[in-house]
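My notes follow the order in which I looked.

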Amino acid sequence: MKQNAVVPFLKWPGGKRWFVSNHASILPKAYNRYIEPFLGGGAVFFHLQPENALLGDANADLISAYQALKTNWRFVKRSLEYHHRMHCTKHYYHVRDASPQNLLQQASRMIYLNRTCFNGIYRVNTNGQFNVPIGTKTAVIMPSDDFEALSKLLQNSEIRHTDFEILIDEANENDLIFVDPPYTVRHNLNGFIKYNEKLFSWEDQERLSTALIRAKNRGAKIVSTNANHFSVRQLYEGHGFTLKTVSRFSSISATPDNRKQFEELVILSNPNN
Ligand SMILES: C[S@@+](CC[C@H](N)C(=O)[O-])C[C@H]1O[C@@H](n2cnc3c(N)ncnc32)[C@H](O)[C@@H]1O
């Protein structure tokens, strides 16, 4: 049974809060295990609140934050309250330059930096050190925070730092896989899309589509978002998927002229779910 709304605790680029707000009816109601291999801020996971989940992401700092909240949310909360009191430019850069070895400290550092850095961006230098400058937001503790509820929800989840293909290959019949890979870095006015090769290459996109075709053939339910671009569509056409175009905004905010640039693709294994 679904509990009260749980708000994602991270601001994450490409986050799917808009999808949950405008298109939640696309998501299947019944399934066995919930699998989300590109977890990020987990907007869809927190919306669905599945009873049994397998979650993963290639970002180690991000996964540490989830694992720490699962094991000791009280510590993470206390530590964030400390950062909230201490927050200033000097404190931000001091924390940014630190490399805590303990999982709980790593988690509170990650959440603190996510909430106070410039635009909630996650970027590391060639040594893997987070290097985003301080932003304008100063609240480390938010009124919407409910770390206890987050932790309770995560008790039924297995959380792994791993590549997406491993998790997709574990999906069985009637498992639901929600797939939200990094896709575009830019939609310009010609509809041209530039893939960020370093984050997620075209080979990764191809590897993803073949893993999803295998999972579909095993009977898994799939909902995947992606760039609404012909090259992405081509990967899924002819394999029995339904391709739907959805807007990132409610219909009121888009005019016919700008509608296209706010459109994304949803790839469904079954249109009726
Ligand atoms: C668009 S974000 C997901 C956003 C998420 N749906 C939300 O609501 O916040 C994509 C995520 O994929 C992760 N990622 C990138 N490459 C990956 C890979 N090869 N395997 C697993 N995760 C990967 C990134 O770290 C990032 O968190």
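The entries below go from the sheet to the helices and end with the ligand.

I am reading a predicted model, and I began with the strand order. I found an open sheet of seven strands, which runs E3-E2-E1-E4-E7-E9-E8 with mixed pairing. Its edge strands are E3 (157-161) and E8 (242-247), each of which pairs on one side only. From one strand to the next, I noted that the twist averages 15°.

For Leu 55, I looked up the bridge partner in E3, and it is Ile 159. Helix H3 packs on the sheet here, touching both E2 and E3, and its direction makes about 150° with that of E3. Elsewhere on the sheet I noted helix H8 (residues 202-217), which touches E4 (176-179) and E7 (221-227) and whose direction makes about 160° with that of E7.

How do H3 and H6 lie relative to each other? The axes of H3 (residues 60-86) and H6 (residues 147-154) come within 8 Å and cross at roughly 155°. Angles over 145 degrees count as roughly antiparallel, and H3 and H6 are therefore roughly antiparallel to each other. The crossing in which H3 passes H6 is left-handed. On the H3 side, I listed Tyr 66, Leu 69, Lys 70, Trp 73, Val 76 and Lys 77, which meet Phe 147, Glu 148, Leu 150, Ser 151 and Leu 154 of H6. By class, this contact of H3 with H6 holds seven nonpolar, one polar and three charged residues.

I turned next to helix H5 (residues 103-116), whose axis comes within 7 Å of that of H3 and crosses it at roughly 75°. With 65 to 115 degrees counting as roughly perpendicular, H3 and H5 are therefore roughly perpendicular to each other. Among the H3 residues that meet H5 are Ala 68, Leu 69, Asn 72, Phe 75 and Val 76, and the H5 residues they face include Leu 104, Ala 107, Met 110 and Ile 111. I sorted the contact of H3 with H5 into 12 nonpolar, seven polar and one charged residues.

**Entry 5, the ligand.** Which residues are closest to the ligand? Of the 21 residues that surround it, the closest are Gly 14, Phe 38, Gly 40, Gly 41 and Ala 43. The shell around the ligand divides into 10 nonpolar, six polar and five charged residues.

Terms used
Residues are numbered from 1 along each chain as its sequence is written. This is a predicted model: local features need pLDDT of at least 70, side-chain atom pairs count only at pLDDT 80 or more; totals for chains, interfaces and linings use all residues. Axes are lines fitted to C-alpha atoms, for helices over the stretch in contact, and angles run from 0 to 180 degrees between N-to-C directions. Helices (H or I, at least four residues) and strands (E, at least two) are DSSP runs, numbered from the N terminus. Angles under 35 degrees count as roughly parallel, over 145 as roughly antiparallel, 65 to 115 as roughly perpendicular and the rest as oblique. A crossing is left-handed if the near helix is turned anticlockwise from the far one by less than a right angle, and right-handed if clockwise. Two residues are in contact if their C-beta atoms, placed from the backbone, lie within 7 Å. Ala, Val, Leu, Ile, Met, Phe, Trp, Tyr, Cys and Pro count as nonpolar, Asp, Glu, Lys and Arg as charged, and the others, Gly among them, as polar. A residue is near a molecule or strand if its C-beta atom, placed from the backbone, lies within 6 Å of it. Two strands pair if DSSP finds at least two bridges between them.
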